[in-house]
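Dear colleague,

Please find below the sequence and structure that I am handing over to you. My notes on what was found follow directly after them.

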Amino acid sequence: MCFSEKERKVIGNFHKYITITKTNKELYLFKWKYGTTIYAISDIIYETDNNLNFDDSNYEEYIGICMKIKKICCLDERDNLFPDKTINNKNISEWFKENGLFEFNYHNFPDEIYNSKGELISKRDK
């Protein structure tokens, strides 16, 4: 997979970790700035885009990491998971459902990710 420089800075460490461990059964802890906290396991990694036409100047391709949410510990509406507002303006509780799937990408990536041993494996630069 080919990352843009923006993506590499945000999701590079996590992507490297999950591709090296080669397991999608590891339970990860995801934390965002204002306290949204979930546990999830990896499902699939793929290339995707922002659903705009190719000739649109805002068109963008990026890597999506799909996770299956196993447990929701806390949701905080201040955690802006959709900064581009292209996703139906739903609030966070409408997107995060236990046993549901959710796509993370460099736009909505968590601030911290911990592996099943409690080790910090990814931290978003502020």
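Strand 1 and strand 2 form a hairpin with five residues between them, and Gly35 in the turn has a positive phi of about 115°. Here, helices (H or I, at least four residues) and strands (E, at least two) are DSSP runs numbered from the N terminus, and two strands pair if DSSP finds at least two bridges between them.

Please note that this is a predicted model, in which local features need pLDDT of at least 70 and side-chain atom pairs count only at pLDDT 80 or more, while totals for chains, interfaces and linings use all residues. Residues are numbered from 1 along each chain as its sequence is written, and side-chain values use heavy atoms, with hydrogens and water left out.

The overall plan

The protein contains two helices and six strands, and its elements follow the order α-β-β-β-α-β-β-β from the N terminus on. Of its 126 residues, 39% are buried; buried means under 20% relative accessible area, exposed over 50%, and partly exposed in between (1.4 Å probe, protein chains only).

The six strands make an open sheet in the order 4-3-2-1-5-6, with antiparallel pairing. Its edge strands are strand 4 (101–104) and strand 6 (120–123), each of which pairs on one side only.

Strand 3 (residues 61–74) pairs with strand 4 in the antiparallel sense over four bridges, and Cys66 is found opposite Glu103 in strand 4.

Two asparagines in loops

Asn115 lies in the loop between strand 5 (112–114) and strand 6. Is Asn115 buried or exposed? Asn115 is buried, because its relative accessible area is 5%. Leaving aside neighbours within four places in sequence, Asn115 is in contact (heavy atoms within 4.5 Å) with Tyr17, Glu26, Leu27, Tyr28 and Ile121. A polar atom of the Asn115 side chain lies 2.9 Å from the backbone nitrogen of Lys117. Asn115 and Phe30 are 85 residues apart in sequence, yet 9.2 Å apart in space, C-alpha to C-alpha.

Asn50 is located in the loop between strand 2 (37–49) and strand 3. Asn50 counts as buried because its relative accessibility is 16%. The side chain of Asn50 reaches the backbone nitrogen of Glu60 at 3.1 Å. Not counting residues up to four places away in sequence, Asn50 touches Asn58, Tyr59, Glu60 and Tyr62.

The aromatic residues

Rings of Phe, Tyr and Trp (its six-membered ring) pair if their centres lie within 6.5 Å; planes under 30 degrees apart count as stacked, over 60 as edge-to-face and the rest as tilted. By this rule the count comes to twelve aromatic pairs. One of them joins Phe102 and Phe104, which are edge-to-face at 5.2 Å centre to centre, with 65° between the planes. Both Phe102 and Phe104 are buried. They also belong to one aromatic cluster, formed by Phe14, Tyr17, Tyr28, Phe30, Trp32, Phe96, Phe102, Phe104 and Phe109.

With kind regards

Key:
A polar contact is a pair of N or O atoms within 3.5 Å; within protein, one must be able to donate a hydrogen and the other to accept it, and residues adjacent in sequence count only if both atoms are side-chain atoms.
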